[in-house]
Structure formats: structure tokens, C-alpha cells
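Here are my notes on the model, point by point. Please keep the structure open while reading.

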Amino acid sequence: MTVESDSKTLERLDEQEGHEGALPKSLEFYRGLLRIQSAAESRIGAVELNLSGETIGDRIRHGTPVLGFDDLAIDWSLLQNVFDEVAALFASYQEVLREVPENLGGADHRLSPSKEVVQAWYEGARLPLPKATSDTGEALLTLIIHGAFRPFLIRHCEALLKLVNLEQWRRGYCPICGGNPDFAFLDKERGGRWLVCSRCDAEWPFQRLQCPYCGTQNQDDLAYFTDDKGLYRLHVCERCRSYLKTIDLRQTEDEILLPLERYLTLDIDTQAHNDGYRPGSASRKEEGGETMRGNSAKGDES
Ligand SMILES: [Zn+2]
Ligand SMILES: [Zn+2]
């Protein structure tokens with residue numbers, strides 16, 4: 001799974017740099033982020049959780065993601081360290097991330113997310129920030145938390161995904177952490193569609209002819225565009241104006257590293273944005289009538 005694929009991705013990016021002399025800035029940024037995340041994954045190690053098979057089965061049947069905030073096993077001081085490293089990386093790639101304030105990571109602007117802020121982010125709620133916080137500031141903080149929290153969620157996902165009966169899920173949000181999918185693939189075997197979580201990289205099967213974000217099955221609202229080789233697809237929904245990037249694994253013999261594909265396909269994001277589509281946000285529908293918004297997937301980091 002992904003701890004392993006992160007180190008493979010790093011190797012592949014180093015190889016590409018060796019062949020081409022230099023990486024495009026966006027990939028260089030991504031490699032920097034991945035180095036921080038990969039080192040953190042090593043430090044976190046295997047996660048042990050107090051979730052019984054019965055609890056996991058119950059939650060899945062009721063549409064509740066397996067991993068509630070209170071279930072997370074987090075070393076908060078390590079999270080703060082990772083957060084500082086990610087913030088410093090963002091500050092040094094202002095040309096990639098146009099909206100980064102220059103003083104980010106500076107001594108007097110040291111960001112430190114409280115537990116409340118992290119919990120709100122995790123649960124897809126509005127972040128409890130000081131009133132003076134600008135929209136840009138909030139969006140940026142969201143991206144940095146996303147980057148810093150990923151190694152922890154990857155480790156949790158690694159421990160949990162194998163315990164989940166995915167055939168009982170088939171929802172538009174992640175069965176592990178409740179995050180939004182920001183990538184999809186069609187599997188080699190039968191062209192079945194799988195969604196990939198933007199936060200923990202979990203993969204789960206989903207209906208091909210349905211929008212994972214608004215749930216519409218009205219085929220008049222759903223469309224996709226492909227590249228010349230038929231390898232990549234851009235799925236769009238006219239009802240909720242969202243888009244989803246997809247790779248068709250039947251069209252290639254190469255080993256595909258899905259997290260890397262997010263960054264190799266940034267021009268598809270640009271195309272989608274120019275056409276007026278946005279990354280989607282899935283509504284959680286849990287038994288008992290509770291409905292909440294998932295966290296907005298930020299696939300557009302450059
Ligand atoms: Zn997830
Ligand atoms: Zn939709």
C-alpha cells in the first residue's frame with residue numbers, strides 16, 4: 001500500500017531528475033512534501049487501534065467512516081514538527097503556490113494548529129479560527145494540515161483498510177477517514193471504478209455511472225473527456241459542477257503510482273478549472289439522519 005508506494009514514488013522522481021537534469025517546479029515541490037511525509041511515516045510506525053471487527057462492521061453498514069477523531073492515535077508533538085516542516089516547504093515554494101504569504105514560517109507568524117482546529121478539519125467542519133483570518137489564510141492552513149496529517153492517516157489506513165468489507169460501502173466518501181475522493185481509476189481486470197481518498201489514499205469501489213459528490217445518476221448530467229491515448233479521463237458533473245480525474249489502468253502496462261498521478265496530471269486540473277468545474281465534496285449520509293459535508297478536497301495545490 002501507500003507507505004511502500006511513497007518510497008517508490010521518491011525513487012521514481014529521483015530517476016526522472018537524473019534523466020532530465022531537473023524536475024518541473026511542481027514535482028520538485030511534491031518530492032519535498034513526500035520526503036517529509038515519508039520520514040514521518042517511518043517515525044510513526046505501525047498503528048495499533050482499539051477498534052473491534054464488530055465496531056468496524058457496524059460503522060461500515062451505517063455509512064459511518066471507520067476512523068472517528070477520537071479513535072486516532074496521534075503523537076501531537078510529532079504532528080507539530082511535521083506541520084512546521086510542511087509550512088516551511090510551502091514558504092519556500094511561493095512560485096508554485098501563488099497564495100503563500102511571504103512571512104509564512106517566520107518566527108512571529110509561526111502557525112500552530114490547535115487540537116480543535118485539527119478536529120474541525122478532520123470532521124469537515126469550518127475551522128474555528130480568529131475572525132481576522134483571511135480566506136486565503138484559512139485555505140492555506142487547510143492545505144498545510146492536509147500535508148502534515150497525511151502520514152498519520154496513511155498509517156491508520158494501512159492498519160484498517162484490510163479489515164473493511166468494501167463491497168458494503170460504495171459511497172462517495174472515504175470508508176476510513178471520511179475524506180473526499182480526488183482521484184479515481186478503472187481497474188485492469190474489469191474496468192471497475194475505484195475512488196482514491198484525498199487524505200489517506202484509501203481505495204474503494206464505486207458505481208461507474210454515478211457522481212460520487214452529489215450522487216446523481218442522471219446520465220444527462222454526467223460526461224467525461226479523454227486524452228489521445230485514452231489513459232486519462234476527466235469526469236465532470238453538470239449538476240454539482242465538480243470534476244474527478246481518472247486513470248484507466250487497462251490502457252497501460254506501466255506500474256502506476258496513484259499518489260504521483262495526482263501531480264502528473266495537474267494540467268487536467270487546470271483544464272477543469274478553466275471550464276468552470278471544481279474539486280467535489282461528498283455529502284455524508286449516515287444512518288440516523290445525520291448529514292454533514294466532507295472536507296473539500298484540495299487537488300489544486302499549484
Ligand atoms: Zn480517507
Ligand atoms: Zn455531481
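1. Which side chains meet in a salt bridge at 3.4 Å, N to O? They are those of arginine 170 and glutamate 167. This is a predicted model, so read every distance here as computed from it. Arginine 170 is partly exposed, at 32% relative accessibility. Glutamate 167 has a relative accessible area of 52% and counts as exposed, because the exposed class begins over 50%.

2. The other salt bridges. A search of the whole structure gives 21 of them. Some share partners: Asp6, Glu41, Arg150, Asp182, Asp201 and Arg262 are joined in this way into one network.

3. A link between two helices. Aspartate 14 and arginine 31 form a salt bridge through their side chains, with N to O at 2.8 Å. Aspartate 14 belongs to helix H1 and arginine 31 to helix H2, so the bridge ties together parts 17 residues apart in sequence. Aspartate 14 is partly exposed, with 35% relative accessibility. Arginine 31 is buried, with a relative accessible area of 6%.

4. A link inside one helix. The side chains of arginine 61 and aspartate 58 meet in a salt bridge of 3.0 Å, N to O. Both residues sit in helix H3. They are 3 residues apart, about one turn of the helix. Arginine 61 is partly exposed at 46% relative accessibility, and aspartate 58 is partly exposed at 33%.

5. The zinc site. Four cysteines supply the protein donors of the zinc ion (ligand 2): Cys211, Cys214, Cys237 and Cys240, each through SG. They lie 2.3 to 2.4 Å from the ion. The site is tetrahedral, with angles of 105 to 113° among its 4 donor atoms. Along the chain the donors follow the spacing C-x2-C-x22-C-x2-C. Cysteine 214 and cysteine 237 are 23 residues apart, and this pair links distant parts of the chain. Cysteine 214 is in the loop between strand E3 (203-205) and strand E4 (222-226). Cysteine 237 is in strand E5 (residues 232-237). Cysteine 214 counts as partly exposed, at 24% relative accessibility, whereas cysteine 237 is buried at 2%.

6. The largest nonpolar core. This core has 72 residues. Tyr122, Phe149, Leu153, Ile176 and Cys200 have the most contacts inside it. Helix H6 gives the largest share, 11 residues. Among the other elements that supply at least two residues each are H1, H2, strand E2 (193-197) and helix H7 (258-264). The core lies between domain 1 (2-163) and domain 2 (170-293), because both give residues to it.

7. Around phenylalanine 149. Setting aside neighbours within four places in sequence, phenylalanine 149 is in contact with Leu72, Ile74, Leu79, Val118, Trp121 and Tyr122.

8. Helix H5. What does this helix bury, and what covers it? In H5 (residues 115-123), the buried residues are Val117, Val118, Ala120, Trp121 and Tyr122. Their cover includes helix H4 (76-92), helix H6 (135-160) and strand E8 (283-285). Glycine 124 follows H5, and its phi is positive, near 75°.

Definitions and conventions. Residues are numbered from 1 along each chain as its sequence is written. Chains are lettered from A and ligands numbered from 1 in the order in which they are written. This is a predicted model: local features need pLDDT of at least 70, side-chain atom pairs count only at pLDDT 80 or more; totals for chains, interfaces and linings use all residues. Side-chain values use heavy atoms; hydrogens and water are left out. Donors are N, O and S atoms within 2.8 Å of the metal (3.2 Å for Na, K and Ca); water is not among the atoms, so sites may look incomplete. Four donors count as tetrahedral if all angles lie between 85 and 135 degrees; four count as square planar and six as octahedral if opposite donors are over 155 degrees apart and all others between 65 and 115; anything else is irregular. Helices (H or I, at least four residues) and strands (E, at least two) are DSSP runs, numbered from the N terminus. Buried means under 20% relative accessible area, exposed over 50%, partly exposed in between (1.4 Å probe, protein chains only). Contact means heavy atoms within 4.5 Å. A nonpolar core is a set of buried Ala, Val, Leu, Ile, Met, Phe, Trp, Tyr and Cys residues joined through side-chain atoms within 4.5 Å. Domain bounds come from an automatic or database domain assignment. A salt bridge is a side-chain nitrogen of Lys or Arg within 4 Å of a carboxyl oxygen of Asp or Glu.
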